[in-house]
Amino acid sequence: MASPLVGIIANPASGRDIRRLVAHGTVFDNNEKTAIVRRVLLGLEAAGITRVAYMPEHDFGIVSRALSGQRLTLSAEPLSMPVLGTSADSMRAARLLAEQGAGCIISLGGDGTNRAIAKGCGAVPLVPISTGTNNVFPYFVEGTTAGLAAGFVATGCVTGQAMQRRPWLEVSVDGEPTDSALIDVVVSSVPFVGARALWDLSTIQEVVLSQVIHGTIGLSALGGALLGHAAAASAPSGMHIVLGSGGTRALAALAPGLVTWVGVATHRILSAGDVVCCRAKSGEGNPVGPFTIALDGERELELSAAARVAVRLRADGPFVVDVPSALGMAARAGYLQRS
Amino acid sequence: MAIAIRQLTYAQAINEALRIEMRRDPRVILLGEDVAGGATVTGFEEDDAWGGVLGVTKGLVNEFGRDRILDTPITEAGFVGASVGAAATGLRPVVELMFVDFFGVCWDMIFDQGAKLRYMFGGKARCPLVIRTMIGAGMGAAGQHSGCHYSVFTHMPGIKTVIPSTPADAKGLLAAAIRDDDLVVFFENKMLYGLSGEVPEGEYVIPLGKADIKREGSDITIVAISRMVQQALAAADMLAADGISVEIVDPRTLSPLDEETILNSVAKTHRLVIVDEDNPRCSAATDIAALAADKAFTELDTPIKLVTAPHTPVPFSPPLEQFYIPSPERIVATVQELMG
Amino acid sequence: MATKNDSPGVQALDKAHLLHMYEQMVTIRQFEERAGKEFAAGKIPGFVHLYAGEEAVAVGVCSHLTDDDFITSHHRGHGHCIAKGVDLREMVAELLGKEAGACRGKGGSMHIADVHKGMLGANGIVGGGLPLATGAGLTAKQQGRGQVAVCFFGDGAANQGTFHESLNLAGIWKLPVVYVAENNGYAESTPVTYHMSCRDIAERAAGYHMPGVTVDGLNIFAVYEAAGEAIARARRGEGPSLIECKTYRYFGHFEGDAITYRSKEEVDSYRSRDAIQSLRRSLAERGIAPDTELDAVDEQVQERIDDAWRFAEAAPLPAPEDALTDVYVSYP
């Protein structure tokens, strides 16, 4: 039986969120990501991992730089795949890792990177390390700890109790499943994808959330603000929010350093399986276009006024490791002690 | 209108020129390292701010504030280049390059950008920038803080070079430099800052490109630059005791050069000595010598002699430094040799 | 989310604006392609450095500027000149060294300028424009009427001392300068993966007290949005920004460059993402402007380029003695 394999997918393309010009976010630069990966590798090694496979890059080489000059007992090889320099690389790397039986995948990136990974990772659990302040899906965790936890997950000492299956949003256009989001789907009146990020509230019409958690940042923070208003849900649930006047107003941290009151016309809780149909509308309620759909905070789809968009909330998203729980399990199972 | 006359030091004269010009034209701003001093430090009196490393710009920040007197980080290429950009876009900056020896750090911005942009843009732009800088040995400041090097600047088309030797000249020439629409480098000899002299009050301008006869004579012309004017005056007193009458021509501006005054003097005395504190190769001295050899060849009774620093960096130890700087004694010896 | 936003977002771009941006990009492309041909035919003295491929950056940024704002450029400057409104006839005449040129024939390709339109010159020194733009920003701040200075520079210049000094100065003085890094992957023949110690130039902004963002320089809307925010920020007095545009030049560092350091596959891959074709598709697919209308724009541009060349070729060379003028305003 092959020894456990852990995958590392580190996204070098940071700094594309132009909200940094209008808000106060920061991003770990690629030299810092290299340092994080070094710490991850040392954590993996300490957990007994001997095989690592990583997503190759065509320019910077975060993981290969992290490896260079290090004396590690584990072996780390780049995945054999073409490199396009786009998010498709992350998706393909995740798929390959799943096919190769990886026991865990560690990612470095934001919501967008993890969205791509989620399209390919299947049931392989993720340890998503956040490398910026504008993210909801990944979390801030120190690299060594992340490596330890991922290593114990891959060796099988840590089981499903230390993981959560996350929901996701399936996006269909004119009846065809087209794309997906992990956190939110937004209908924006901005006609072009452009610089991707959303920062002008006046252009945002509807928001569909995969879950409602307090303490997030971005449009998903509206969900937390509104949860007290709607009937409390016992099962994890999402929310559909239509912005506008005539309803209530919610205070939300929409970007790092940017907290504002947002006019909400209507909102409702969503359960798994619910479908929301949305399109961009004029003030009178007529369809307008072209408009864009943003996935996890980035404009991705440019659509005409006639396009019909349906967003389905699904419960069968990626598995995400809870690092403290994982290490707790490993400790209780005796892996952190020796006589 | 200059009426009253009083004594000021060379440093005070420069300070006064800056004050008058800054009052006169709101586009004039000062930039440089510690030109005000103590930026953003609290709890000290503005009166105690340095006003330049040797206090030449002291007190100006009290009147004009830190929006017009800008302390800069130690980034010559950055702030001298920014001064060029500001000059090309409507301001009239006076930037300080603390010691001329630092020009290597920002030379591109001076000679390849500021000096050339008017020409390269077909005359459709101008760079009304003044760069003030300290020159001169004698303070024991050693190899990287004691040079002259105005020859390098004079060599570049697009730069004007001004080298005052007295307080009155310093004030009038700095005013002219600031009002000039070209890039002017203003060389202040640090050993002259304490020199006192009569300086007219109020506004006045000494035109660039006009030399000054600092002493009239008939036997020999000495062209002297910067502090060497003072050395030549001392030498002239010693030679007068031997009955030798020395005429001292102070060019005051090297680019443009007042060729006429120099050549007229040589035509009068028929002998020429040039005293220059700079190193001898490719210097202002050799430049003026070539001019005289070309245009006053038939007037000369004796070869042109140059009294300069040696071809070395400035040494530190006092006897070595004194050896380096042309002394009145060396000037006297050179003149006596020519006079036979 | 900025609910008070001084920057006109892409949603404010009406058809006239969009067509103007398209026309400017095509003008740059055709200008450069014609210059390349004429250079190969021996008609242009000296060197030319062609901007073809990078049009979205110049146009996306300069769309937010007026004649009252300043830009500095570099050796690959034709695109910035055109985007800033320098006259085409004067530009070609300058390439040919004619007296009717923008610089009276005294500068050539690497020094084309039009100071009255705020174009402070192409520059033959890598990194030379950075302090100059910073100084223009100082003027703008002193004059207090909301002007901005934009500095275009390349990945090569991002390592120069002047880059670091200029950003530091703008950061401490909060100058209204937008530093636009045109990262086309190569400094002459040396790739960024070798010459830069960071991956993205924007990462360096953090050290200089200003925000830095990286955008797809082949996407005119991405450039337009990022530049719009940065320029609005500067006009509001909030200080400088660094925008890095990842882009690509189709031709060599200079014309005559054998370009052995890039593969045909790489060039083809970028050509397939051509910024002008992308904009064309966007406009056609949305019914904003059909292909036929855009073809007509292409033809009009062609005529203006032809006209500029006819004018310049017929224009006289300067008299030899003109070499002596315009060194100084006055001398003595």
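1. **Domains of chain A.** In this predicted model, chain A is split into two domains. Domain 1 is built from two stretches, 5-166 and 317-332. Domain 2 covers 168-314. The centres of these two domains of chain A, taken over C-alpha atoms, are 28 Å apart.

2. **Contact between the chain A domains.** Domain 1 of chain A puts 20 residues in contact with 22 residues of domain 2 of chain A. The domain 1 side of this contact has 6 nonpolar, 7 polar and 7 charged residues.

3. **Domains of chain B.** Chain B also has a domain 1 and a domain 2, with bounds 5-200 and 212-339. Here the centres of the two domains, over C-alpha atoms, are separated by 27 Å. The contact involves 27 residues of domain 1 of chain B and 24 residues of domain 2 of chain B.

4. **What domain 1 of chain B brings to that contact.** Four elements of chain B each give at least two residues to the domain 1 side: helix H6 (150-155), strand E6 (159-162), helix H7 (167-179) and strand E7 (183-189). E6(B) supplies the largest share, 4 residues. By class, this side of domain 1 of chain B has 13 nonpolar, 12 polar and 2 charged residues.

5. **Which chains touch?** There are 2 pairs of chains in contact, and chains B and C share the most contacts. Chain A and chain B do not touch. The nearest C-alpha atoms of chains A and B are 24 Å apart. For the complex, the predictor gives an ipTM of 0.92 and a pTM of 0.93.

6. **Chain C against chain B.** This contact takes 36 residues of chain C and 36 residues of chain B. On the chain C side, the elements giving two or more residues are helix H5 (129-143) and helix H6 (161-173). H5(C) has the largest share, with 10 residues. The chain C side facing chain B divides into 18 nonpolar, 14 polar and 4 charged residues.

7. **Chain C against chain A.** Here 31 residues of chain C are in contact with 30 residues of chain A. Strand E6 (212-216) and helix H8 (220-235) are the elements of chain C that give two or more residues to this side. The largest share, 8 residues, comes from H8(C). By class, the side of chain C that touches chain A has 14 nonpolar, 10 polar and 7 charged residues.

8. **Confidence in chain C.** The average pLDDT of chain C is 95, and 98% of its residues score at least 70. Residues 1-5 of chain C need a separate remark: their pLDDT is below 50. In the model, this stretch has 13 contacts beyond near neighbours in sequence.

9. **Strand E2 of chain B: buried or exposed?** Strand E2 (residues 28-32) of chain B is mostly covered, with 5 of its 5 residues buried. The cover is on both faces. Val28(B), Leu30(B) and Gly32(B) lie on one side of E2(B), and Ile29(B) and Leu31(B) lie on the other.

10. **Partners of E2(B).** E2(B) pairs in the parallel sense with strand E4 (residues 92-99) of chain B, over 4 bridges. Within this pairing, Leu30(B) has Val94(B) as its bridge partner. E2(B) also runs parallel to strand E3 (residues 69-71) of chain B, joined by 3 bridges. In E3(B), Asp71(B) stands opposite Gly32(B).

11. **Helix H9 of chain B.** Which residues of H9(B) are buried? In this helix (residues 259-269), they are Ile262(B), Ser265(B), Val266(B) and Thr269(B). Viewed down the axis of H9(B), these buried residues fall within an arc of 100°, so they line one face of the helix.

12. **Around H9(B).** The cover over the buried residues of H9(B) includes strand E10 (220-224), strand E11 (246-250), strand E13 (272-276) and helix H10 (284-295) of chain B. His270(B) follows H9(B), and its phi is positive, near 70°.

Key
Residues are numbered from 1 along each chain as its sequence is written. Chains are lettered from A and ligands numbered from 1 in the order in which they are written. This is a predicted model: local features need pLDDT of at least 70, side-chain atom pairs count only at pLDDT 80 or more; totals for chains, interfaces and linings use all residues. Domain bounds come from an automatic or database domain assignment. Two residues are in contact if their C-beta atoms, placed from the backbone, lie within 7 Å. Ala, Val, Leu, Ile, Met, Phe, Trp, Tyr, Cys and Pro count as nonpolar, Asp, Glu, Lys and Arg as charged, and the others, Gly among them, as polar. pLDDT is the predictor's confidence in each residue, from 0 to 100. A residue is buried if 20 or more other C-beta atoms lie within 10 Å of its own, exposed if 12 or fewer, and partly exposed in between; C-beta atoms are placed from the backbone. The arc is that of the directions from the helix axis to the C-beta atoms. Two strands pair if DSSP finds at least two bridges between them.
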